Structures are given as structure tokens and as C-alpha cells.
Amino acid sequence: MDATIAVSEPGVNVVLQKAIALAHAASSDTATWGPFQVGYSASVALSGGVAVLENAPANKLDLNNVNVAGSVSAFFTFDLGLILPTICIPPFQVCVDIPFIGNVCTPQFCIPWPSVHVAVNLPFAFGLSASFGFRVDDLGTKWGIVLLIDPFSARFDLTPMGPLIIAAIQNEVSNTLGSIPLIGGLIAGLVNTVIGAFSGVLTPILGAFSSLINLVLSLLDLLNVNIPYTLLTFDKTQTFVPTNIPLLGDAPVNMTLALLQAEVLDRELLAEGQLA
Amino acid sequence: MALTNGHHVFAGLHEDAFNKFIKAYRTARPKYFYYACPPLGAGSPGVDFWVIPPLPVPGTNAGMPISVRILDALLDFRPAQAGLHLPAPLVLGPNQFAFTATLEVCFLCGALIAMPVPPDDHNRENPNSPKRRPPQKDGRTSRDCAKLSVWAIGHPVSTPNSVGGRDVGLHIDKIIVKDVGALESLIECYTETMINSLLDALRYPVEKFALGSFASLSLADGPLIADNQLKVWADIS
């Protein structure tokens, strides 16, 4: 081959760290589970990680212990009237039909349940390891050495978020109900009723959060299984001496990089090219 | 064995690539390989050949058209190819390249071209004396050429360039021109200057070739010639 480029494992790490430093993305969604309307957004950023090269025939790059950190911001809106039973004081109303006056009832006050809005911010972090294969792609005017990520399952666990969300809702519902007069003795039971209703939909809500985080991860080209990540590019037309150098009117001296191949050898990314 | 040798990036260009580069350079810029005083020279002056003044003829304010063409230029990086036979005292040592070429030197014999007289020249013609034409040879001219075989050895060089990087190039250390008798040392001096000027024009900013893929790269070691390649090492920052 006419030209050989080798990049050491530390060199690959420097290149990858530049890519990782730029890897951040966010997205948002809304959905309704029973009486609970939930708006949520997730943001993710990558940092750290160590790349290890695996020699041919494996020809792989293992990226280990990338820190995936971010947060899910969610707000829950629900009408307590759709969850709690109607409560009137006194519970029963007596009405009598009085001639010439009409229907007359004893006084009764039924509590108008308010709507509740709860906002929570839930940070998360986990380590991610992924394996990549190498390929040389024809990118039109360039050759590209691209990384192809092997399909992976992100190892994040959102179950610790469940109690946090429940606690936030419990606190807000307690405060809301506490401001309503004459139901002091009922508050604990009413809160439990709301939490009981919410617990029934907590699992699909956490599932939706996970899906959104996965979606955000897929927005990062480096971790997208469908988008080859271009690690290095080489112009097919290499201008060895540009126009007007050293003399005005000098034509450029170009050569064509007709072929490029890449493999991992001695834990170096080795690219060999043929000039024409 | 790892190539990067403790650095982030290694780049090696094989001698075949350099010889392809010389051909590409000759195709794009033929004038760097062909210097001629018209009417010698073929093609468009300034494009196909570099216009040079005639060779001054002592005793006249005129010169004889001359052309110099570099033919068959070839580089051979250490270790030498089997077919390379360098004349003594040239020996291809570590970190060296061999350069071989044929020079074709032509005179348009019998032709004299008036040359401008330098302003501080004291050999001005008397405007009142009879006009003296430069002597001509029967009014006939002939293109007489000689081919000289050139062998040289040299080493790679790295020099700072105007954009903060470094240019990598080649420099002739010793040249041999055979069969020119007593003129050998004169012609060798002249030829070495000419070839080094050509090699200066071939210098290349090492950060650019392929290594341009990396955001910021600095030459850390080299250039070094070994294993038929010109090698450089660089670090990414």
C-alpha cells in the first residue's frame, strides 16, 4: 500500500472523547394514564469511558464505562374529583315538601375536589458499555472509517424513581386536602385512595420514562444502531500542493486516494490507502 | 509491532507514493521539469516549460538558447531496491533516499539572442560606431543535446511553514554526474542546486495528508526514512 495511517489506542480515546463531549440530547412527551395526565422530558449527556481495541479478526472497539447522566422532569396533573368519592357534610340531606312553600331541604355542603399539579425532577446516572465494529464507507468525496455499534440494552433502572414520585404526589395531595376545612379526620384515607390509584399506573409511567430515555440515547449518533458513526474521514482527492503555491498560476497537484482499508492490528487502528 | 511508537498517530508514505507524486507533479506542472529559452522548449511558455534566459556568450551582449529537462526522476528509500547501483562514493545510509534522474541539456547552436545590458554595465556599444551583429554560424542553427545521468543521496527534512505547522520535504546531500570530465564538480554543484530547488517546491505540510482527519495534530517525531517509507509521528491535542 502507498500510505499507512495508524492510530494508537490512546489516540482513538482522544478522538472518541471529543465525540463523547458533544453527545447530549433531549426530548419530551405527554400522555394520560387514567385520571393522571403526565408531561415529561428527558435529557442525557455522555462523559468518560475508555476505548479498548480488539485485534483482527475481531476488529472491534469496546467502549467501556461511559457515564450516562441526565434527568427526567415530569409534571402530574389530576382532578381529585375523578379519584375521590363525593363527600358531603352532613352526609345525608333531608327534604320535605311544604305546601305553598315547596321542597325544603336541610343544609348540606359537598366538598369541591380541586385539581392537583405535581412537578418532580428525577436525576439518573448509569454506566454504559458498548462494542463497535469498523467499516470503510464510501462517503462520496471522502472515505470514512465508521463505527457500527452492536445492538445493546441500556442498563438503567428507574424503579428507585417510583417511591420518589409517590412521595411527591403524597405530599402535594396532603397539602391540598389539608387546606379544605372539616375533613381533617379523613385526609389520611383520602391520600391513600389517591396513592392507590396512582400505584396502579406507576409501572407504565416508568416504562414510558425508560422509552423516552432510550429515544434520547438513540438521538446520539454514537449510540444509534441505525447510523454508522464516522470516526475518521479521508478526502478522496488529496491536494498535495495547492493552487498558486509556490508561484502564482501554479496548478494544484492532486492525487486520488483510490482505495482505503482498515483493521485493528497490535491494538492500533490501521488504515492503508492506495494512491492513483 | 505497533507503529505509533508511543504517539497517537503514525503516518507512512511508501516510496511508490512519492514516485506517483512526482509523476502527478510533472503532469500538473510540467514547467518544473523543463527549463528552456525560446525557441527551444515545446508547448506553451510558462506552462509547459519554464522560460529561462539564454546562456550568455562572453564578449557579446547576446546569449545562446539553452534548455534543461529532467527525465526519469525516481526516488528510492532505504533499503535500496535491487536494481539500484549507486556510483562511488555514494552509499545509501540510514534515514536516506536515493534519487536518480537523466538530465537532457540542449543548446541551439548557431543562434545568438541579444540580451539586455545591465544598467551599470560598462560594455555599452558606441551608438556612433557601425552596428555589430552578434556572430552567427552560417545563419544555420542546430539543436545539440547531451544526456547526463545523475545519482544522488539525501535525507528528509522538516521545516516550519507559514501556517504554524511543519512541511516535510527531501534534501540532496551529495550528487554525482558522470562522463563530464573536468567539468564534473561544476556540473554537480549546478545540478545539486537545481534539484534541491525542485525538491523545495515539492515540500508538503505533513499535517494535511490524511492526518487532516484529526482536529488538531502536531508533528511529534520524524520525518524518518526506513522500510521504504517516509515516516512521521504526531500527537492529537
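## Chain B in outline

In this predicted model, residues 24 or more positions apart account for 63% of the contacts in chain B that have a separation of 6 or more. The secondary structure of chain B consists of two helices and 13 strands, and 35% of its 237 residues count as buried.

## The contact between the chains

On the side of chain B, 28 residues are in contact with 29 residues of chain A. Both β1 (9-14) and α1 (15-28) of chain B supply at least two residues each to the side that touches chain A, and the largest share, seven residues, comes from α1(B). Sorted by class, this side of chain B has 19 nonpolar, six polar and three charged residues.

Strand pairing also crosses from one chain to the other: β1 (residues 3-8) of chain A and β1(B) run antiparallel and are joined by five bridges. Within this pairing, Ala3(A) has Leu13(B) as its bridge partner.

## The open sheet of chain A

Six strands of chain A form an open sheet with antiparallel pairing, in the order β2-β3-β4-β9-β10-β11. Because β2 (24-33) and β11 (229-235) of chain A stand at the edges and have a single partner strand each, one side of each is left without a neighbour in the sheet. From one strand to the next, the twist averages 25 degrees.

## Helix α2 of chain A

Helix α2 (residues 161-178) of chain A has 18 residues and reaches 26 Å from its first C-alpha to its last, close to the 26 Å expected at 1.5 Å a residue. Its buried residues are Met161(A), Ile165(A), Ile169(A), Val173(A), Thr176(A) and Leu177(A). These residues lie on the same side of α2(A), because they cover an arc of only 120 degrees around the axis.

What covers the buried residues of α2(A) includes β4 (60-79), β9 (115-138) and α3 (187-218) of chain A. The face of α2(A) turned away from the buried side carries the exposed residues Pro163(A), Leu164(A), Ala167(A), Asn171(A), Asn175(A) and Gly178(A).

Definitions and conventions
Residues are numbered from 1 along each chain as its sequence is written. Chains are lettered from A and ligands numbered from 1 in the order in which they are written. This is a predicted model: local features need pLDDT of at least 70, side-chain atom pairs count only at pLDDT 80 or more; totals for chains, interfaces and linings use all residues. Two residues are in contact if their C-beta atoms, placed from the backbone, lie within 7 Å. Helices (H or I, at least four residues) and strands (E, at least two) are DSSP runs, numbered from the N terminus. Ala, Val, Leu, Ile, Met, Phe, Trp, Tyr, Cys and Pro count as nonpolar, Asp, Glu, Lys and Arg as charged, and the others, Gly among them, as polar. Two strands pair if DSSP finds at least two bridges between them. A residue is buried if 20 or more other C-beta atoms lie within 10 Å of its own, exposed if 12 or fewer, and partly exposed in between; C-beta atoms are placed from the backbone. The expected span of a helix is 1.5 Å times one less than its number of residues. The arc is that of the directions from the helix axis to the C-beta atoms. Axes are lines fitted to C-alpha atoms, for helices over the stretch in contact, and angles run from 0 to 180 degrees between N-to-C directions.
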